[in-house]
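Thanks for coming. I will take a few minutes on the charged side chains of one model, and you can follow on the screen.

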Amino acid sequence: VDCDWSSDVCSSDLQADRLADARAEADRVETQLDQLGRDVEAAAERYNAAQLQLDETNAKIRENQKLLDASRSNLRVSRAELAQILVDAYRQGDPDLVAMLLNANSIDEVIDQTRFVQRVTAHAQQVVADVRSYTHDVKQRENALERERSTREVALAQRKSEEQAVKSALAERQRLLNSLSSEIQGILEQRA
């Protein structure tokens, strides 16, 4: 097509083509902006879910730490009481009991010897049962606490990842908006 550049007809065709191209670009950008908006919303929801999981895990850790501290305290009291019972038995001079105490490497070894449990009073048997129970409870709570701390680390990593996704999507949206020509921005503003 030959065109006299000074002609109004050719100039209006070029302007119409340019406007159509700008509108098509505006449509494409608007679609991208909508998708980026959905991406930001989805990432924000995932971030909030990760934060909620982290909050719940931290609450479980605090509660389990309190229970663990109580179990450890109960175990210390029971072990001290058992130690006193053993000292009293030694002072009474029971030769079988003394021999058993001298051959034991630890208080736990004494506890596990059934002969000891059979020879002591009902109160001492309850103390031995308490020591066993509290020892088991402490181990369980320590394991649970370790699992909860691992869960917290995963939740922290997930939250950080989602935070980065939100920031990235927002930055991409801003980059796209900054790159738009004023003509396309005008078209988008008119549509809004």
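**Salt bridges and their surroundings**

I start with R141, which counts as partly exposed at 24% relative accessibility. On that scale, buried means under 20% relative accessible area, exposed means over 50%, and partly exposed lies in between, with a 1.4 Å probe and protein chains only.

Before the rest, some ground rules. This is a predicted model, where local features need pLDDT of at least 70 and side-chain atom pairs count only at pLDDT 80 or more, while totals for chains, interfaces and linings use all residues. Residues are numbered from 1 along each chain as its sequence is written, and side-chain values use heavy atoms, with hydrogens and water left out.

As for confidence, pLDDT is the predictor's own figure for each residue, from 0 to 100. The mean for the protein is 79, and 78% of its residues reach 70 or more. Helices (H or I, at least four residues) and strands (E, at least two) are DSSP runs, numbered from the N terminus.

Back to R141. Its side chain meets that of D137 in a salt bridge, at 3.5 Å from N to O. A salt bridge here is a side-chain nitrogen of Lys or Arg within 4 Å of a carboxyl oxygen of Asp or Glu. R141 and D137 are both in helix α5, four residues apart, about one turn of the helix.

Is D137 buried or exposed? D137 is buried, since its relative accessible area is 19%. D137 also has a polar contact of 2.2 Å with the side chain of S71. A polar contact is a pair of N or O atoms within 3.5 Å; within protein, one must be able to donate a hydrogen and the other to accept it, and residues adjacent in sequence count only if both atoms are side-chain atoms.

How many salt bridges does the structure hold? There are five. One of them joins the side chains of E142 and R72, at 2.6 Å from N to O. This pair links distant parts of the chain, with E142 in helix α5 (residues 122–179) and R72 in helix α1 (residues 8–92), 70 residues apart. E142 is partly exposed at 32%, and R72 is partly exposed at 31%.

The last pair I will show is E172 and R175, whose closest N and O atoms are 2.4 Å apart in a salt bridge. Both residues lie in helix α5, three residues apart, about one turn of the helix. E172 counts as partly exposed, at 33% relative accessibility.
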